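Here is a briefing on one protein model. Keep the sequence and the structure open while reading.

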Amino acid sequence: MRPGMLLDADWLFHRGDVADSNAVIAASFDDHQWESVHLPHDYVLDEAYNQTNARNHGYLPFRVGWYRKHLSIPASCQGKILRLDFDGVFRDSEVWLNGTFLGRHLSGYTPFSYDITALAQPGADNVITLRVDPTEFEGWWYEGGGIYRHVHLTALAPVHLAQWGTYVVSTVPDGDKGADGEADVTIHTTVENNEQFAENCTIVSEILGPDGKKLQTVRSDGNVAANEPSEIVQSTVLAHPKLWSVESPNLYTLRTTILKNGEQMNATTTTFGVRTIRYDAEKGFFLNGQHVEIQGLCNHQDLSALGIAVPDNLQAWRIGQLKQAGCNAWRTAHNPPSEALLDACDRMGMMVMDENRHLGNSYLSHSPKGTTATNLSDLATMIQRDRNHPSIIMWSMCNEEGMQGSQEGADIFAAMMKVVHQYDATRPITSAMNGGLLTNGDADVEDIVGVNYNTPKYDAIHSRRPDKAMFGSEDTNQKTTRGEYADDPTNGMCSAYNLSDKGWVPVVERPFMCGSFTWTGFDYRGEPNPYGWPDVSNNTGLLDLCGFPKDKFYYFQSCWTEKPMVHLLPDGWNWPGKEGHAIRVIAFSNAKQVELFLNGRSLGVKDVPHDSFAEWQVPYEAGRLVAKASTGGKTVATEELATTGAPARIQLAPVQTTLSANGEDALVVPVSIVDEQGRVVPDADCEVSFQLTGGGRIVGAGNGNPADHDGDRTSQKKAFHGHCVVIIQAGSEPATLQLTATSPGLAPGSVTVRVR
């Protein structure tokens with residue numbers, strides 16, 4: 001928990017550069033005509049799609065933006081150390097306070113801070129000015145633009161805990177064999193002293209269990225030198241710790257208090273977990289002594305109508321969607337994620353491959369030859385910020401770098417590993433390599449080998465490096481569009497019959513593979529492969545950009561989950577004009593057999609091979625298509641498709657109907673177009689309009705269509721194959737919100753959301 005004051009509200013924004021920057025940075029500048037915005041904010045998504053803009057960045061224009069915020073700093077902050085903390089700005093930001101330049105930060109993915117003690121005016125109006133320039137890209141996907149993560153003002157006593165100054169290391173004796181008798185806990189606390197002289201202080205570290213009860217208190221006295229950090233190391237033992245795992249993500253809390261002459265100077269809390277990870281070059285990955293197959297998904301950070309400005313509480317929603325498929329690991333492709341995502345992964349039992357953006361000092365999409373490793377501050381920041389998260393099971397240094405198979409690349413990689421080990425030595429270091437795997441290079445120095453694609457080379461790579469564990473860092477790059485069953489380059493649609501088994505099966509057939517990360521969990525903006533325009537987003541997700549599952553979602557669910565299930569592809573039985581034509585019907589199931597029925601007639605029983613599927617050729621006739629999955633002669637799961645009637649009404653189905661009154665929480669509201677019997681009409685494309693009363697705001701709407709060029713910041717959206725979403729956000733006061741969806745000729749849908 002951070003001690004700062006959240007500064008997300010009441011920013012002013014100007015799109016485009018300004019003629020006179022000296023005037024804009026002055027505290028007296030007249031900014032009353034600037035747009036009022038609430039952070040997080042991605043202003044690129046407000047632009048119009050145009051084929052002349054950069055393909056890989058979603059055909060949207062990128063331009064400079066300016067922000068200003070009038071900030072009243074409490075008079076009580078007089079005499080304290082004041083710091084402005086920016087969690088993420090994309091990208092190349094310059095910041096001023098009261099007309100004085102604070103600094104420039106190039107990275108669009110790492111947090112940064114400025115000490116404003118000498119410039120701030122407690123008890124008076126202060127003005128923050130920020131210029132952001134996202135026109136130079138760091139990647140080759142949609143990266144957005146703006147202040148897209150939180151901003152805080154942190155006020156500290158002269159003797160205080162350093163930023164990211166607590167580091168908790170827990171070790172379970174024989175934990176790799178499944179033991180849980182005790183955990184040795186080492187607490188590293190870094191204290192800073194901004195006084196002119198050394199100061200004596202007391203560090204009080206209290207450990208609270210997952211149930212909130214205090215378990216241990218450790219006190220240490222220390223002498224902190226002036227104007228330099230001092231580290232205090234404490235140790236204790238937890239008896240019979242509750243371990244963090246995918247199934248039981250138990251979390252402990254460290255409460256740190258700094259006392260000076262008995263008076264509290266600073267206090268904060270740090271969440272941590274107790275768990276043991278081990279990678280075996282022949283047997284795979286083990287968590288707390290138990291073999292765990294990494295069933296991972298790669299994800300970029302953008303979402304539907306929000307772009308990269310995703311509210312914190314929606315990270316849990318995203319994780320929840322993936323966990324329904326059986327996913328247990330998230331790769332943060334290809335950059336450090338938000339703290340909110342890692343917090344949610346900790347709480348929900350989602351393992352993480354935490355990925356750095358660049359190899360070496362470069363800010364280009366790929367580091368060119370000649371790149372140095374003399375300034376790795378962004379990497380150091382990522383490790384220090386993230387190292388207490390038990391969900392993180394590996395550090396990834398980079399992705400698909402051109403120098404990955406060279407000595408030059410290995411030298412840079414080794415320098416990066418040295419920086420990581422300076423701050424954390426409890427996790428293996430890896431990367432995502434798509435080449436150089438059978439030559440000298442990065443794979444010689446990294447701890448475990450991450451392989452992008454290259455499935456035919458798995459055995460050769462393992463033979464070359466038999467002492468190193470291996471995993472698929474990226475694979476199964478199959479493009480499918482929800483509700484589409486034929487490739488259609490003209491309209492940008494990819495068939496759901498582009499199946500994913502050829503990427504996953506080679507992983508599970510090899511015990512030495514720790515598992516893999518499939519590309520991707522969600523569709524994402526930019527990189528609109530394979531066709532380009534008219535697509536503006538990518539088609540590789542198990543779920544579309546809005547979070548609706550595609551058919552491939554259920555293939556992985558059949559591989560990754562134990563709860564009996566069956567799913568039919570195509571996901572609909574409306575084929576007018578194809579009467580008598582054979583339809584390829586596929587059943588994904590984790591049962592042993594599936595029997596298919598059409599209008600009550602059995603079409604035969606088929607075995608379902610492990611991690612595969614069963615299929616039939618079915619002459620189409622309208623009616624009911626039913627799949628019954630069985631194991632040992634007993635029906636364990638059933639799915640029915642029916643030829644629907646015409647669209648009749650709108651159905652809203654949010655996963656929750658309460659929000660916190662913090663001005664931040666948002667809610668994704670799935671919308672379905674159904675017939676009179678409540679069945680989703682698979683070819684419905686009705687335009688739906690949304691109205692929200694009682695407070696809050698409509699953030700935008702989406703439909704998962706990769707070729708949709710309508711605006712995202714909108715209160716209306718056409719359904720795509722029977723579905724769309726609207727995203728609403730709570731205000732800062734308790735309220736009762738009423739969301740209503742209407743469309744001509746359809747019965748409206750509505751839902752009540754309480755803001756508390």
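Buried residues make up 60% of the 756 residues in the protein; buried means under 20% relative accessible area, exposed over 50%, and partly exposed in between, with a 1.4 Å probe and protein chains only. The model is predicted: local features need pLDDT of at least 70, side-chain atom pairs count only at pLDDT 80 or more, and totals for chains, interfaces and linings use all residues. Residues are numbered from 1 along each chain as its sequence is written, and side-chain values use heavy atoms, with hydrogens and water left out.

**Overall build**

- The protein has nine helices and 46 strands. Helices (H or I, at least four residues) and strands (E, at least two) are DSSP runs, numbered from the N terminus.
- Its radius of gyration is 27 Å, close to the 27 Å that the globule rule gives for 756 residues, so the protein is as compact as a globular protein of that length. The radius is taken over C-alpha atoms, and the rule is 2.2 Å times the number of residues to the power 0.38.
- The C-alpha trace spans about 90 × 60 × 55 Å along its principal axes.
- Of the contacts with a separation of 6 or more, 70% come from residues 24 or more positions apart. Contact means heavy atoms within 4.5 Å.

**Surface and charge**

- The accessible surface comes to about 28,000 Å², and 47% of it belongs to carbon and sulfur atoms. Areas come from the Shrake-Rupley method with a 1.4 Å probe; for residues, only the protein chains shown count as cover.
- The protein carries 60 positive and 91 negative charges, and their mean positions are 4 Å apart. Lys and Arg count as positive and Asp and Glu as negative, while His and the chain ends are not counted.
- Each charge is placed at NZ of Lys, CZ of Arg, CG of Asp or CD of Glu.

**A four-stranded sheet**

- Four strands form an open, antiparallel sheet in the order E1-E12-E5-E9. Two strands pair if DSSP finds at least two bridges between them.
- Strands E1 (5–6) and E9 (112–115) stand at the edges with a single partner strand each, so one side of each has no neighbour in the sheet.
- E5 (residues 81–86) pairs with E9 in the antiparallel sense over four bridges. Leu84 has Tyr114 in E9 as its bridge partner.

- Side chains alternate along E17 (residues 230–239). Ser230, Ile232, Gln234, Thr236 and Leu238 point to one face and are buried.
- E14 (residues 182–193) pairs with E17 in the antiparallel sense over ten bridges. Thr189 stands opposite Ile232 in E17.
- His240 lies in the loop between E17 and E18 (252–260). His240 counts as exposed, at 63% relative accessibility.

**Helices H8 and H9**

- Nine of the ten residues of H9 (residues 551–560) are buried. Among them are Phe553, Tyr555, Phe556 and Trp560.
- The cover over the buried residues of H9 includes E23 (294–299), H2 (313–323), H8 (501–508), E30 (513–519), E31 (566–569) and E32 (582–589).
- H8 is mostly covered too, with six of its eight residues buried. They are Asp501, Gly503, Trp504, Val505, Pro506 and Val507.
- The cover over the buried residues of H8 includes E23, H7 (458–464), E29 (470–475), E30 and H9.

**Loop residue Lys578**

- Lys578 sits in the loop between E31 and E32. Lys578 counts as partly exposed, at 39% relative accessibility.
- Lys578 touches Ile583 and Tyr620, not counting residues up to four places away in sequence.
- Lys578 and Arg347 are 231 residues apart in sequence and 49 Å apart in space, C-alpha to C-alpha.

**Backbone features to check**

- Most residues other than glycine have a negative phi, and most peptide bonds are trans.
- A cis peptide bond joins Trp533 and Pro534, with omega about 15 degrees. Pro534 lies in the loop between E30 and H9.
- A cis peptide bond also joins Leu569 and Pro570, with omega about 10 degrees. Pro570 lies in the loop between E31 and E32.
- His240 has a positive phi, near 45 degrees.
- Asn599 has a positive phi, near 50 degrees. Asn599 lies in the loop between E33 (593–598) and E34 (601–607), and is partly exposed with a relative accessible area of 31%.
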